[in-house]
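Here are my notes on the model you sent over.

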Amino acid sequence: MIPIDDCKLLISCCNHKGGLYLVHFKQQQPEIKKILNVGCTGITKYGSSFVVISNSHGIFILDENLKVIVNKALSTELDLHGVAIDNDKAYIIETKTNSIGIYNLKNNLERIDEIRFSPENDDICHVNDLYIANDKLYVSMFSYPPRKNPLSFANKTNQGVILEYSLKERKVVKICHDKLLQPHSVLHYDNKMFYCVSGEFLVKRNEEDIFKCLGYTRGLAVRNQTMFVGQSESRQIPVLLNKHTNILLDCGIYVHDISTKLSSFIHIPSEEIYGILVI
């Protein structure tokens, strides 16, 4: 295990064997506890509480002790992914409809508005994750402008982007990064943009490759010089082996020291990591 200060992580796992896990590092050793026994996707902090998204169970709000205090069911047809919070509003990605639904955290989680990247009610962008900074949304998606079949492995071109959307002007301002193969987990840290290029097993900082996993890469957090990177059990193994010489069939997180470039790997008893949050 590489040296790491005592800290806690929330890790969301989606789909089969999904759940929400608490990983507590004590004296270099991780203690793992399952908090929710349902598939979870987006996670974020809200004051002293936490907002957790589940496609099967909707929106959870957990208190500072990680006890559920609110749960609001939403349609499972929305295919809920990432979440971010700004001014008591939760911005929740509704992948099925190429949308970000805006929910009022102060008024019974009422859906009050939306941002759409395509008028079609079918997943043609595969919008998945977002981050808010200075009245701007930074959003990752597999295809933009919208195209048919963004999830198809038959399409080998890298169509994914991370775009900047102005909350004030209510429009896409620019494409920050493009030609990406299945981007996820966008965030800002130390005035730099970090994100996963999942199909390439990469983490990038702006344009720079700074970490390469041995499997499908999704879920990212940074704390000082330590980066936490999620790895899921990869699908489409025959296709991936055309590009990668080694694939690790394990689900877990890498604990990576950005300065020394040394890493440890911690197994998580699930199959697919979605999000990582330092708490």
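Predicted model: local features only at pLDDT ≥ 70, side-chain atom pairs only at ≥ 80, totals over all residues.

1. Cysteines next. How many disulfides does the structure hold? The count is zero. Take Cys7: the nearest cysteine sulfur belongs to Cys13 and sits 17 Å away, and Cys7 is in no disulfide. A disulfide needs two cysteine sulfur atoms within 2.5 Å. Cys7 also counts as buried, at 6% relative accessibility.

2. Cys13 is in no disulfide either. For Cys13 the nearest cysteine sulfur is that of Cys251, 5.1 Å away, which again has to be set against the 2.5 Å cut-off. Is Cys13 buried or exposed? Cys13 is buried, with a relative accessible area of 0%.

3. On to the rings, where the count comes to five aromatic pairs. One of them joins Phe25 and Phe228, with 6.1 Å centre to centre and 35° between the planes, and it is classed as tilted. Phe25 belongs to strand E2 (residues 19-26) and Phe228 to strand E21 (residues 226-232), so this pair ties together parts that are 203 residues apart in sequence. Phe25 and Phe228 are both buried.

4. Phe117 and Tyr165 make an edge-to-face pair, because their planes are at 75° with the ring centres 6.2 Å apart; the class calls for an angle over 60 degrees. Which parts does this pair tie together? Phe117 is in the loop between strand E11 (110-116) and E12, while Tyr165 is in strand E14 (residues 160-166), so the linked parts are 48 residues apart in sequence. Both Phe117 and Tyr165 are buried.

5. There is an aromatic cluster to look at as well: Phe211, Tyr254 and Phe265 form one together.

6. Last, the second largest pocket, which has about 560 Å³ of space. Its lining is made up of 26 residues, and Ile43, Thr44, Tyr131, Ile276 and Leu277 lie nearest the centre. By class, that lining has 17 nonpolar, seven polar and two charged residues.

7. Which strands supply at least two residues each to the lining of the second largest pocket? They are E4 (43-46), E8 (80-86), E12 (127-133), E16 (183-189), E20 (216-223) and E24 (273-278). When you check the pocket on screen, Ile43 and Leu277 are among the residues nearest its centre.

Definitions and conventions. Residues numbered from 1 in each chain as written. Heavy atoms only, no water. Buried < 20%, exposed > 50% of the residue type's maximum accessible area, 1.4 Å probe, protein only. 1 Å grid on protein atoms, 1.4 Å probe; cavity = no way out; pocket = protein on both sides within 12 Å on 5 of 7 lines; lining within 4 Å. Points joined across faces, edges and corners; volume = space filled by probe spheres on them. Helix = DSSP H or I, 4+ residues; strand = E, 2+ residues; numbered from the N terminus. Nonpolar A, V, L, I, M, F, W, Y, C, P; charged D, E, K, R; others polar. Phe/Tyr/Trp six-rings, centres within 6.5 Å; stacked < 30°, edge-to-face > 60°.
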